[in-house]
Amino acid sequence: VDELTSDSAAPPTGGGRLGSVASERFGYWNEAFDAFGERPLAGLGAGSFELARLAHRNDGGTARRAHGFVAQTVSDLGLAGAIAALTLLAAWLAAATRATALQPRRWWQAPARARPRWDSERAALVALALAAVVYGVQSALDWTWFVPGLTVSALVAAGFVAGRGPSTAARRPRASAPRLLACAGVVLIAVFCGWAIWQPVAADRATARAYDLIGAGKPLAALRETTRARDLNPYSPQPRYATAVALADLDREQTAIAVLRATAADRPRDPAPWLRIATIELDRRDAPAPALAAAEQALRRDPHSARIVATRDRAAQLLAARQAASAPAPSSP
């Protein structure tokens with residue numbers, strides 16, 4: 001489903017935000033914790049908030065993220081994800097306090113070690129640590145971690161501070177075979193993660209090319225692009241939607257509907273495949289009865305969607321008009 005109209009008053013956008021304190025963030029957090037209540041241990045799956053919230057929202061507004069790392073984590077990954085995130089946070093805080101020599105003094109240790117002086121290196125380390133902390137606090141209140149530039153900068157700062165080691169070290173340890181192997185392993189993992197992150201981006205680009213080819217009247221070439229997109233990212237529904245559009249343009253509506261039904265089976269919370277089925281049945285096959293059935297399926301998954309309601313009502317009206325037209329005329333006495 002692309003864009004849905006909202007019955008609620010949305011906060012202002014652009015420069016209007018400077019003079020407004022309105023926010024829908026608390027509503028998103030409530031929806032996230034309601035979704036967390038469905039499966040509190042393992043969550044509903046990474047990236048599932050966009051669909052999970054549909055069963056808990058009270059209006060037609062849209063949101064892809066919970067606007068907060070804590071809310072998104074417990075909704076997507078449950079207590080297991082929250083515990084993992086807290087463990088990583090504790091490990092980084094321990095490393096950062098050692099590197100900056102900001103750990104609290106232990107009164108039972110005697111004699112107390114003198115803290116290192118505030119030279120330029122220590123001040124720079126503390127500044128980098130604070131930059132990571134500020135980023136973390138902001139991400140707890142918004143979806144900042146989805147912004148690549150901010151996230152990469154914060155991760156580099158946090159990683160440098162954690163890997164620096166105690167600032168009182170007299171000399172840096174020399175490179176050794178285990179350390180070099182560990183560094184090589186980290187580099188390989190980073191390359192693999194970068195490659196994995198790139199696959200959805202490449203799939204989105206292939207899907208966009210498919211829609212361009214459909215618009216240019218080349219549905220067969222579009223199908224080749226959608227196949228490539230599905231190979232790159234088999235978990236995304238977007239290549240399947242483009243496949244259905246290309247098949248419909250080739251007058252293969254039944255096959256297009258089969259593709260959408262398979263997508264609906266893989267994504268039981270998603271109303272979009274059912275809405276697309278209803279649109280094909282209604283606009284291309286002129287079949288209001290199956291269109292109405294598909295729209296009802298979509299409405300069960302998203303009862304506040306104005307677009308789905310409009311499609312359902314249009315199919316119902318057309319079906320009622322046809323039934324009335326085909327009804328036998330009453331016999332005269």
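**Chain overview**

Modeller: Of the 333 residues of the protein chain, 34% count as buried, where buried means under 20% relative accessible area, exposed over 50% and partly exposed in between, with a 1.4 Å probe and protein chains only. This is a predicted model, where local features need pLDDT of at least 70 and side-chain atom pairs count only at pLDDT 80 or more, while totals for chains, interfaces and linings use all residues. Residues are numbered from 1 along each chain as its sequence is written, and side-chain values use heavy atoms, with hydrogens and water left out.

Colleague: How many helices and strands does the protein chain have?
Modeller: Twelve helices and zero strands. Helices (H or I, at least four residues) and strands (E, at least two) are DSSP runs, numbered from the N terminus.

Colleague: What share of the contacts comes from residues 24 or more positions apart?
Modeller: They account for 61% of the contacts in the protein chain with a separation of 6 or more. Contact means heavy atoms within 4.5 Å.

Colleague: And how much accessible surface does the protein chain have?
Modeller: About 20,200 Å², of which 63% belongs to carbon and sulfur atoms. Accessible areas come from the Shrake-Rupley method with a 1.4 Å probe, and for residues only the protein chains shown count as cover.

Colleague: On to the inside. Which residues have the most contacts in the largest nonpolar core?
Modeller: Leu 260, Trp 274 and Ile 277, in a core of 25 residues. A nonpolar core is a set of buried Ala, Val, Leu, Ile, Met, Phe, Trp, Tyr and Cys residues joined through side-chain atoms within 4.5 Å.

Colleague: Which helices supply at least two residues of this core each?
Modeller: α6, α7, α8, α9, α10 and α11 do. The largest share, six residues, comes from α10.

Colleague: What does Leu 260 touch?
Modeller: Not counting residues up to four places away in sequence, Leu 260 touches Tyr 241, Ala 244, Pro 273, Arg 276, Ile 277 and Ile 280. There is also a second, separate core of eight residues, with Trp 92, Ala 96, Leu 125 and Ala 158 among them.

Colleague: What about α7, which residues are buried there?
Modeller: Pro 219, Ala 221, Ala 222, Leu 223, Glu 225, Thr 226 and Ala 229. Their cover includes α6 (177–215) and α8 (238–249).

Colleague: Ser 75: buried or exposed?
Modeller: Ser 75 is buried, at 0% relative accessible area. Its place is in helix α3 (residues 69–100). Leaving aside neighbours within four places in sequence, Ser 75 is in contact with Ala 32, Ala 35, Phe 36, Gly 43, Leu 44, Ser 48 and Phe 49.

Colleague: Switching to charges. How many salt bridges does the structure hold?
Modeller: 15. A salt bridge is a side-chain nitrogen of Lys or Arg within 4 Å of a carboxyl oxygen of Asp or Glu. One of them joins Glu 38 and Arg 269, with the closest N and O atoms 2.2 Å apart.

Colleague: Why does that pair tie together parts that are 231 residues apart in sequence?
Modeller: Because Glu 38 lies in the loop between α1 (25–36) and α2 (49–52), and Arg 269 in the loop between α9 (253–266) and α10 (272–283). Glu 38 is partly exposed at 34% relative accessibility, and Arg 269 is partly exposed at 31%.

Colleague: What other salt bridge is there with a buried partner?
Modeller: Glu 281 pairs with Arg 285, the closest N and O atoms being 3.2 Å apart. Glu 281 counts as buried at 5% relative accessibility, whereas Arg 285 is partly exposed at 38%.

Colleague: And which residue does Glu 296 pair with?
Modeller: Arg 312, with the closest N and O atoms 3.8 Å apart. Glu 296 lies in helix α11 (residues 288–301) and Arg 312 in helix α12 (residues 306–326), so the pair ties together parts that are 16 residues apart in sequence. Elsewhere, salt bridges that share partners join Asp 249, Glu 253 and Arg 284 into one network.

Colleague: Last one: where is Arg 267?
Modeller: In the loop between α9 and α10. Arg 267 is partly exposed, at 23% relative accessible area.
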